[in-house]
Amino acid sequence: MGKNIRNESVNHLFEAILCLENAEECYSFFEDICTVNELLSLSQRYEVACMLRNHNTYLEIAEKTGASTATISRVNRSLNYGNDGYDMIFSKLKDKEERR
C-alpha cells in the first residue's frame, strides 16, 4: 500500500485509543479528534465492509450507505488484499457476540 504509517505519532494515537473504555468515551474522543465528515467517512467504510462481507451487491451497498462505487471498490480491495484488519475485527466481534 502507500505510505508507511508506523511512526511515533501514530503509535501515540493508537495508545490513546486503546485507553478508551466504552462507546461514550469513544464519542467524546473521536468528536474532538475528527471532523464530522471524517468520522462519518470512517463509519461508512466500516458499514461497506460489513455489507461486502455479507455478499451485498455494490448497488445495494451504494443505496444503503450512500458510498460511491470508488469507495466500495477501495474497501473491497482492502478486504481482499489488505492487512486483514477488517477480518480481525469481524472475528473479534463474532467471538464477543458468541460469549453473550
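**Entry 1: surface patch**

Leu13 sits in helix 1 (residues 8-18). Its relative accessibility is 32%, so I listed Leu13 as partly exposed. The scale I used calls a residue buried under 20% relative accessible area, exposed over 50%, and partly exposed in between (1.4 Å probe, protein chains only).

**Entry 2: what kind of model this is**

The model is predicted: local features need pLDDT of at least 70 and side-chain atom pairs count only at pLDDT 80 or more, while totals for chains, interfaces and linings use all residues. Residues are numbered from 1 along each chain as its sequence is written, and side-chain values use heavy atoms, with hydrogens and water left out.

**Entry 3: the whole protein**

I counted 6 helices and 0 strands. Helices (H or I, at least four residues) and strands (E, at least two) are DSSP runs, numbered from the N terminus. Read from that end, the order of elements is α-α-α-α-α-α. The C-alpha atoms fill a box of roughly 40 × 35 × 25 Å along the principal axes.

Of the 100 residues, 13% count as buried. The protein exposes about 8200 Å², and carbon and sulfur atoms supply 52% of that area. I also looked up contacts, meaning heavy atoms within 4.5 Å. Among those between residues at least 6 apart in sequence, 36% join residues at least 24 apart.

**Entry 4: aromatic pairs**

How many aromatic pairs does a search of the whole structure find? I found 3. The rule pairs rings of Phe, Tyr and Trp (its six-membered ring) if their centres lie within 6.5 Å; planes under 30 degrees apart count as stacked, over 60 as edge-to-face and the rest as tilted. Phe29 is partly exposed, at 24%.

For Tyr46 and Phe90 the ring centres are 6.0 Å apart and the planes are at 45°, so this pair is tilted. The pair links distant parts of the chain: Tyr46 is in helix 3 (residues 36-53) and Phe90 in helix 6 (residues 85-99), 44 residues apart. Tyr46 is partly exposed at 27%, whereas Phe90 is buried at 17%. Ring pairs link Tyr46, Tyr86 and Phe90 into a cluster.

**Entry 5: cysteines**

A disulfide is a pair of cysteine sulfur atoms within 2.5 Å. By this rule I counted 0 disulfides. Cys26 is in none; the nearest cysteine sulfur, that of Cys34, is 11 Å away. The sulfur of Cys50 is 16 Å from the closest cysteine sulfur, in Cys26, which is too far for a bond. Cys26 is partly exposed at 30%, and Cys50 is buried at 18%.

**Entry 6: Thr71**

Is Thr71 buried or exposed? Its relative accessibility is 12%, so Thr71 counts as buried. I placed Thr71 in helix 5 (residues 69-81). Leaving out residues up to four places away in sequence, Thr71 touches Gln44 and Arg45.

How values were computed: Areas by Shrake-Rupley, 256 points an atom, 1.4 Å probe, with all protein chains shown as cover.
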